[in-house]
Amino acid sequence: MPEPPIGRRRHPSRRSVLAAAGAGLGTALAASLTACSSASGGESRGVTLTIAWWGNDDRAERTQRALRLFEKEHPGVTVQASNSDFGSYMQKLATQAAGGGIPDLAQLDYRQISQYAGGGALLPLDSAVRDKRIRTADIDTDLLRTGTFGGKQYALPMGRGITGFAYDTKMFKKAGLRTPRPDWTWQEWAEANRRIAALGLKSPDGRPVTGANDGGVNEDVFETWLRSRGGKLYASQTRLGFSEDDLTEFWTLCDDLRRSGATAEPKDTVQAVSIETSPMGRGLAASDYTWDAPFPGYTDLLGDQVRFCPCPTTDGRQGSYFKPSMLLGIGANTRHPEEAVQLADFLTNDPRAGAILGFTRSTPPNKATARRVAKTLEGSELQIYRYAQDMEKYGLDAPPAAPPRGDVAIQIAFKRQYQRIAYDLASPRDAAREFIDEAERELRS
Amino acid sequence: MSTVSTRSPASTDPDSAPEGGAPQRTGRRRTVRDKQWPAYVFLSPWMIGAGVLTLAPMAVSLYLSFTDYNLFDPPEWVGLRNYTEMFTEDPRYWRSVGTTLLYVVVAVPLKLAFALGVAMLLKNLGRGRSFYRSAFYAPSLLGASMSIALVWKALFNDGGSVPEALGWIGIDTGGWVGNTDLAVFAVVLLTVWQFGAPMVIFLAGLQQISPDLYEAAALDGAGRWRQFVSITVPMLSPVVFFNLVLETIQSFQVFTPAFAISGGDGGPADSTNFYTLYLYERGFTASHMGYASAMAWMLLIAIAVITAILFRTSRSWVFYADEEGGR
Amino acid sequence: MNLAVKRRLPHVAAALGLLVLLYPLAWLLATSLKPADEVLTSLDLWPGKLEWSNYTTALEGVSGISVGRLLGNTVLIATGAVIGNVLSCSLAAYAFARLRFRMRGVMFGFMVATLMLPHHVVLIPQYIVFNQLGMVDTYWPLILPKFLATEAFFVFLIVQFMRGLPRELEESARIDGCGPFRTYWSITLPLSRPALITTAIFTFIWTWNDFFTQMIYLFAPEKFTITLALRSFVDTSSMSAYGPMFAMSVISVLPIVLFFFVFQRYLVQGMATSGLKG
């Protein structure tokens, strides 16, 4: 086979071609980067709405059923639905937002609200909320506020979630530990991890069982810890709400626990992408920080001895809060805002839709629906429903405003910086300093 | 139209090697005067595609590389700031460059050596060759899907088959996936494992070497190794070069295997954060598309320079049979 | 006897090499039959218990779309891509290899340079183009580029091959009064069959495995490909179904394995045979 003919002397000409093209075509196409056309969807007769979400097959199946019901009651409206896995969904939605508009309705993560609302990708819903085309009376006001940006309502919560620990009651008992109460403290939690590790239990592959997954990589754990001390992650859309000292203290706590063998090894922590791959799922830890919605997965995998307990407190103050597990927004470029609003209201408030959707996106935001659907729950699902009720009674601080735009990058940086500590590449202090630098740069831009 | 008349010794012109000799040059000059429009008809699909789907998007990305563009708001001109930030303020950028270079330097030779070795082996197989060929190609059919990534993790994890097997011969590595020094090699081995494409190209090249040459050498008493060094290597050098260039280009852009194995974050602790992975994180996850575009252009330039260097050195070791034969 | 051993040696070496090489595939196959709790934790190749239900679950498809439909969609896209690449890349390659025209060197250099640009950064501009053309959520963004010879690798490959073909036949055809189109169609193209087959095979396999483009451009689940559906099986933010995912991933590679086993002999044979014999 002959040689590939990329020649040295070709380069000048290639560059000049590109330069010329850059000058001409660049500006033309760049202009259209901002000029948006509407989302896709063939319009034959009547109205076609598009809706997209991430999630598993069960959620897809239930959502589809609810959508069919909506179509039946709104003749002439067709709903085209699409779902994918979380990672793909995020990438796809960002491309759509940049390249011509997101679907008419889109499921959003809490972390996306500022970016999508601030970037003009979402339709403000205030007028629809005001004239009750979207009913919000049955939604908790604090929860509803998580869908706001700059004082305007851009998204509706689709579910309400709360964090806690999935823990193995047998191991706790064996270590002589009490059932964790809503007011247990971080010190007690640390001690519990140490006592479990001291039992000298072995995992299926013969390695020591630790107390918990290492929470140092998880920004959510840090937020819970921080809030229990009265702090917060963000002071505003452009400022962090904590200091280098706060973070150093947290990471030192995590670092010490891990070093003493009380929490999982770094090589196991980095591989935790699901329940099955988490240290607890692999039999390497007795507990795992998690959300309420995925909790039943732990009992399915590990058995009924796994229960759900509250996050530790600082002198009784709980850091966890009710968070929108996901939100629903309407694309700013929708050609059918009227119908989109109807569908949003239908999915949020219609009792039959609520019955179909059940707890597939955590506790339904509509309190009446939640109460009704809760009667059908059993086992681990009932357990987490009661857990949420208990926590409500115990008293939680209101959720913070939606995290600022840079939060997605900051969350990743958090994980990476702690990994540097775990792999002995940085001290907690150094990593905290670098993290704060990075985060502040992210928030400025 | 100067490209036709000037020819460098190790010709890099698209129409060089096979034609060679002087007589054709006159013929060529005649064709230049021929009508040009048929060429443009042949090229029209490519020209449309290159213009609309490649050149214009490339131009946009070049423009974006001088802007602050968060995917949502209009791009904002910032001059060279992305480039200066990349070079002076971003340690992760340089770490990703280092990781990528390590990857290229290890993966490319290893993969080519593997591909060549297996191709040589297959060439000498009589019966069953086509079965073996297919079987050796099989890993390359799979791409880097989620399931392959999971299998790979299982094999390289603590207690997985690879560390176990290494343990038998007295090498204790522990799991590779959660190890910041070894994770990158798990990715390397995944690409090396899928050596099918260069293997096929090598096989094709090997079959093109005339058996007469080997027979003559055997008559002269040359052994296997001698034959390999004096016949196979020089005769195959254009193919080696072709594979080398393409694999190098592809390796600089390695994305999918690392993305799949690290779960998308280039971890642990950035140890598999290859250039394109970092570019992706900056562009799509952190929504700094301007910065990502600047990174892409630096990569393009770097690859172009390295390719040029490869061509430079190729003059001393790539042997063109056609040139020899044409003399 | 010594001779017999020598003859066997390559076979033994090949068989041993293969054993190592196919081990991960065996693992994939075995995992597709493991029960849920073993899929990610078990260190044994052999499943503790054969879980055939992974396959029945996988065969049900995703989001109500059957596996047959998903495979059909994928075949459709891959076939379109193959036709497009073979046609358009050979046209462009013929021009680069055989015809003279202004700016040829520059264009060729540009074509090769496009191999070097990471595709992530042209993704959004390309998306804008297809969105403006109203082609999002159709198969066009996946097939049309192939008809426009955007895959430089194949243009490059065919150019290289065509340049290796002897010119005599084309010369005599021209003397007989054949224009470039006749020459291309009835002489060069048939002679280039090996390179075209290589293009076809690689295109088919790569299109089959190309998750990224499909993910960006397809919206409606009934248009999804098997590769895309495979992703939906595992959603890390919800409960996952790894066993069926492995089963489906085995199902999804079967067609390309089949395709490859049927056509592979043309692949190498083809790339090696110089023009006259082909």
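In strand 2 of chain A, Ser82(A) is the bridge partner of Ala52(A). The model is predicted.

**The sheet in chain A**

That bridge belongs to a parallel pairing: strand 1 (residues 47-54) and strand 2 of chain A are joined over eight bridges. Strands of a sheet pair through backbone hydrogen bonds, in either the parallel or the antiparallel sense. Both strands sit in an open sheet of five strands in chain A. Its order is 2-1-3-12-6, and the pairing is mixed. Which strands form the edges? They are strand 2 (77-84) and strand 6 (155-161) of chain A, each pairing on one side only. Neighbouring strands of the sheet are turned by 20° against each other on average, direction ignored.

Helix 3 (residues 86-99) of chain A packs on this sheet. The helix touches strand 1, strand 2 and strand 3 (105-108) of chain A. Its direction makes about 120° with that of strand 2 of chain A.

**Chain C**

How many helices and strands does chain C have? The secondary structure comes to 14 helices and zero strands.

| Property of chain C | Value |
|---|---|
| Box filled by C-alpha atoms, along the principal axes | roughly 70 × 70 × 30 Å |
| Buried residues | 56% of the 278 residues |
| Contacts joining residues at least 24 apart, among those between residues at least 6 apart in sequence | 74% |

Methods: Residues numbered from 1 in each chain as written. Chains lettered and ligands numbered in written order. Predicted model: local features only at pLDDT ≥ 70, side-chain atom pairs only at ≥ 80, totals over all residues. Helix = DSSP H or I, 4+ residues; strand = E, 2+ residues; numbered from the N terminus. Buried ≥ 20, exposed ≤ 12 C-beta atoms within 10 Å, placed from the backbone. Contact = placed C-beta atoms within 7 Å. Pairing = 2+ DSSP bridges. Axes fitted to C-alpha atoms, helices over the stretch in contact; angles between N-to-C directions.
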